[in-house]
Amino acid sequence: MNDAVTVVIATRNRRAQLLGTLGRLQELRPAPPIVVVDNGSTDRTVQTVHRQFPEVRVLALRRNLGAAARNLGALVSRTPYVAFSDDDSWWAPGALQLAAKILDAHPRLALLAARTLVGPRERPDPLSAMLARSPLPRPPGAPGPTVLGFLACSAVLRRAAFLGVGGFSQVLHFLGEEELLCYDLAAAGWERAYVADVVAHHHPSPGRPDAGRRRALQRRNAMLTTVMRRPASVALRAGAELARAAMQDPDARRALLGTLARLPAALRQRMPPSLTVERELRMLEDGRR
């Protein structure tokens, strides 16, 4: 039943896309409970959702928390599992019931990464293929390959595990925020799996940041994640590589400046490196070679 899973959506100034997503989610049978966390929209998103979808719970924030807004949606949810959608993504019929059944059957599984189909032509997201080929050790009876990454627009999580590791980091704000959360789940001993039979649809919004800005934000957040969770030697080496790249590449330069601006906050949230995470990262690096 869908009452085991709450769909949490963080949004900002994408009213049209959000309304389309809510309509599709409410066409599911049974329709899941939905929490929309609005990151300070100025396009009357909150008022419109209240009017057109009165059964949807809306949390209206005064400022933009980025990905961390999802934490508040999970906090107010009353189901054992939370499924994240973006305002331009939604779940296929039967996907949430299947995800709940799998999570029920695997009590150490915290994260179920779904197969993501992109656009009207439903092309598989390239990350789905990467997750399916994960070389990480697979626990006996696991429902799919073990992963150390996922797409937030198509993931179902055990609510207690998600909140237990602190959810998404406010330091990263948005883009590439999934990696740090996956590290923390792995360090806490939780299992994470890619399950191709659980399907989500993603029709990327035309209002997304341009490709250059996205590259810069992803590189900034990869660097900040390294600072917060990887050994000091790894962080120093990555910082030196980013500084060298910044001399030639404008996107790397923006990433470096963004890293420096958030570095004090990242250092305050630094934790001792996890042997489990480092071992799995080495396996992934060896697999790429």
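K101, D104 and A105 are exposed on one side of helix α4, where exposed means over 50% relative accessible area, buried under 20% and partly exposed in between (1.4 Å probe, protein chains only). The model is predicted: local features need pLDDT of at least 70, side-chain atom pairs count only at pLDDT 80 or more, and totals for chains, interfaces and linings use all residues. Residues are numbered from 1 along each chain as its sequence is written, and side-chain values use heavy atoms, leaving out hydrogens and water. Helices (H or I, at least four residues) and strands (E, at least two) are DSSP runs, numbered from the N terminus.

Helix α4 spans residues 95-105, and its buried residues are A95, L96, A99, A100, I102 and L103. These lie on the same side of α4 because they cover an arc of only 165 degrees around the axis, taken from the directions from the helix axis to the C-beta atoms. An α-helix has 3.6 residues a turn, so residues three or four places apart point the same way. The buried residues of α4 pack against β1, β4, β5 (89-91), β6 (109-118), β8 and β9 (191-202); contact means heavy atoms within 4.5 Å.

Strand β4 covers residues 81-85, and five of its five residues are buried. Y81, A83 and S85 point one way, V82 and F84 the other. In a regular strand the side chains alternate between the two faces of the sheet. Strand β4 has paired neighbours, pairing being at least two DSSP bridges between two strands. Strand β1 (residues 5-11) runs parallel to β4 and is joined to it by five bridges. Here T6 stands opposite V82. Strand β8 (residues 155-158) pairs with β4 in the antiparallel sense over four bridges. Its R158 is the bridge partner of Y81.

E191 belongs to strand β9. It counts as partly exposed because its relative accessibility is 25%. Leaving aside residues up to four places away in sequence, E191 touches R108, L109, A110, L111 and P139.

Helices α8 (211-229), α9 (232-246) and α10 (250-268) each supply at least two lining residues.
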